[in-house]
Amino acid sequence: MAEVIKGDALRIPSREPEFVRRVEELSGEDVFACYQCGKCSAGCPFTTGMDLLPAEVLRLLQLGDERVLESRSPWVCASCLACEVRCPKGVDIAKVMEALRLLVLRKGETGLTWREIPPGVPQIALVGATRKLTP
Amino acid sequence: MTRIPYFPGCALKDQAAGFERAARAALEKLGWELAELPRWNCCGTVYSLSSDDLMRHVAPVRNFIRVQELGEEKLVALCAMCYNTLRRSSLFVAEDPERLRRINAFMDEEPDYEGGVEVLHLLQLLRDEIGYEEIEAKVERPLYGLRVAPYYGCMLLRPREVGIDDPDRPEVMELLFEYLGAEAVDSPHKVECCGAYQTVSNPWIARERVREIVGAAARRGADLIVTSCPLCTYNLEQHQLPNTREEKGARNGIPVIYFTQLLAFALGVQDEELGFEGAAIDPRPVLAQRVGG
Amino acid sequence: MGQEIMERIREANEAVITGIEDADVKHWVTIYIMGKAYKVPADITLMQAIEYAGYRFVRGAGCRAGFCGACATVYRVAGDWRLKAALACQTRVEDGMYLVQIPFAPAEKPTYRIEEEEPSGTTLLKYFPELARCVACNTCTKACPQELEVMDYIQAALRGDLEAVTELSFDCIQCGLCSIRCPAEIVHYHAAQLARRLYGKTLPVPKHVEERVRKISEGKYEEEFQRIMSLGREEIEELYKKEQREKGGLK
Ligand code: SF4
Ligand code: SF4
Ligand code: SF4
Ligand code: SF4
Ligand code: FES
């Protein structure tokens, strides 16, 4: 694969809001590396449940737009990594989605209540859901 | 018999018991034995995607310590989710000794994990260590005429560094099925997510996913769908038709079975060992019709 | 050597246990109950020390013999970073101990009709879905005063192995210390109890129990029940003492 060009040229550190820095820190990803090709959005099988497409999530982060924090998309993402294998810039979008969830979960809020649990699901569904969606 | 340390995972001790039972029976025919890890614990099933969450790696590492205590270096998993989580964690701690040092320090009641355990998926073992030709030679019930749609889902293939095959065009299952005599049915949806754990929080989205995946397999004339994950199986079965949970056994959708069951069937394993009774849509009629008893 | 010293301290302090004056106490330690320092005789239990310091138990004490699990206590000892857990009635004071009792672990106990529940892992997860949150940190095991392999029984519960949960959790006294410490907020002892009840359903009913139930329903003991029910308080006490003496219990 060709060398991945980092996103530093797009970065204006003095204008970068704290939450963007935190998302980058938690995810270990460079959100400014994204050049908005949209391949992640095209391949994501969960977009019907999302209010922002994966590429749009990245774009709002680049712009420091706080509306991304209210988005439903990270809670619909299933960490399937279809986006990760496709991104020509090597951005692991699933990690960015996880960071956005963690900003909420680490305050003790939950993205899942027990009432929703369908009886008889296999353990791995419950373990996965609780690990990704509960604090 | 060649023995290999084996990590079952929770679902294989419960809902997906047939996955394990068939694997044991098939491997016995091939001269291999799964040696269940003593005192194994749930691996966490989903890999933590955050940079700082060492706690989520405690569970996998504790299992690696169990392997180390046996003086072994390899660990095989059947469930794709367990495989993925264990394998990624093994790489995560290998990448940076400081991470491992902190995890070891936290688990002060355990011996330190020294690193070096290699996590494998059973499909890799079948392909790379046993070999398809060896398997073909042991086939007792060739699956001629059976049209099988492999369903990989996510965790066998992504991310690349742990994928057991090409993430876009995998063929490890197709080849296995062809060596067993079956015809592999291709589908662009075979590598797309089934909805995974979103079946708990957003079941409608899993249903939508499954309609697409199963629909594509049906249009291509598949008799069976084959998976390597109890959650894929649950989703593909439960969301295939609306409100079918109550009508167990009574429906006529496409049966979903594990690759170990198909393998065991072809190797002539006795019916009781195939574990088909756990399937929501009974695969036995179509197997009998196409292949015969 | 250490053993010997402890033995001497114990003898020297015999007074405390038998209720003699402070002047007779030869060895003292300082402990901190909810942050306040108290000088108490060495070698007594935490429970005795708490009472010695002037507290009176309303909750947090029961059998005083290590069986009821009412006296759960957490503590640290000066110079040691570990947060330890113990039963107050079974643990001796140490100099520099910081302690607080946690007589009750806030926990919801789901109600179920055991006859109607299927003995399976699915039933366990229906009532205790939080089992799925275990991260295998083993903190519960380290907290358990009964020295049970608590994490192992939670892991067994998660995978629906009712028999293993039953065996591993059999000596649980429901003190709640595991649950107070668990980062996954699991209520171990309630889950284990359901698992044991479910497992019990899979076992054959022992012959002698069947026999006894039959006799009861046939009214074999009816007369004796009626007689006891009609007794006054003193007569009941006398009857109890007599029974105990016959069993070799009361002197
Ligand atoms: S990981 Fe999430 S965002 Fe990426 S393709 Fe899968 S569901 Fe979509
Ligand atoms: S695939 Fe990568 S570069 Fe393209 S839009 Fe998505 S994140 Fe950006
Ligand atoms: S398992 Fe928990 S509740 Fe039971 S005795 Fe141990 S610490 Fe107490
Ligand atoms: S303390 Fe809780 S999370 Fe940790 S091992 Fe015990 S049950 Fe699991
Ligand atoms: S008071 Fe009953 S166990 Fe301590």
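**Ground rules.** The model is predicted, so I kept local features to pLDDT of at least 70 and side-chain atom pairs to pLDDT 80 or more, while totals for chains, interfaces and linings use all residues. Residues are numbered from 1 along each chain as its sequence is written, chains are lettered from A in the order in which they are written, and side-chain values use heavy atoms, with hydrogens and water left out.

**Cores.** I looked up nonpolar cores first, meaning sets of buried Ala, Val, Leu, Ile, Met, Phe, Trp, Tyr and Cys residues joined through side-chain atoms within 4.5 Å. Buried is under 20% relative accessible area, exposed over 50%, and partly exposed in between, with a 1.4 Å probe and protein chains only. The largest core has 194 residues, and A:Leu61, B:Leu126, B:Ile135, B:Leu176 and B:Phe259 have the most contacts inside it. Helix 6 (residues 93-105) of chain A gives this core its largest share, nine residues; helices are DSSP runs of H or I, at least four residues, numbered from the N terminus. Apart from that core I found another of 29 residues, including C:Ala88 and C:Cys175.

I then checked B:Phe259 for contacts (heavy atoms within 4.5 Å). Beyond four places in sequence, its partners include B:Phe19, B:His121, B:Leu126, B:Leu176 and B:Ser228.

**Cavities.** Helix 3 of chain B gives the largest share, five residues. By class I noted 18 nonpolar, five polar and two charged residues in the lining. Domain 1 (2-122) and domain 2 (140-290) of chain B both contribute to the lining, so the cavity lies between them; the bounds come from an automatic or database domain assignment.

**C:Cys137.** I found this cysteine in the loop between helix 4 (121-127) and helix 5 (139-143) of chain C. Buried or exposed? C:Cys137 counts as buried because its relative accessibility is 7%. Leaving out residues up to four places away in sequence, C:Cys137 touches B:Met55, B:Val58, B:Arg62, B:Phe106, B:Glu109, C:Met151 and C:Pro183.

Methods:
Helices (H or I, at least four residues) and strands (E, at least two) are DSSP runs, numbered from the N terminus. Ala, Val, Leu, Ile, Met, Phe, Trp, Tyr, Cys and Pro count as nonpolar, Asp, Glu, Lys and Arg as charged, and the others, Gly among them, as polar.
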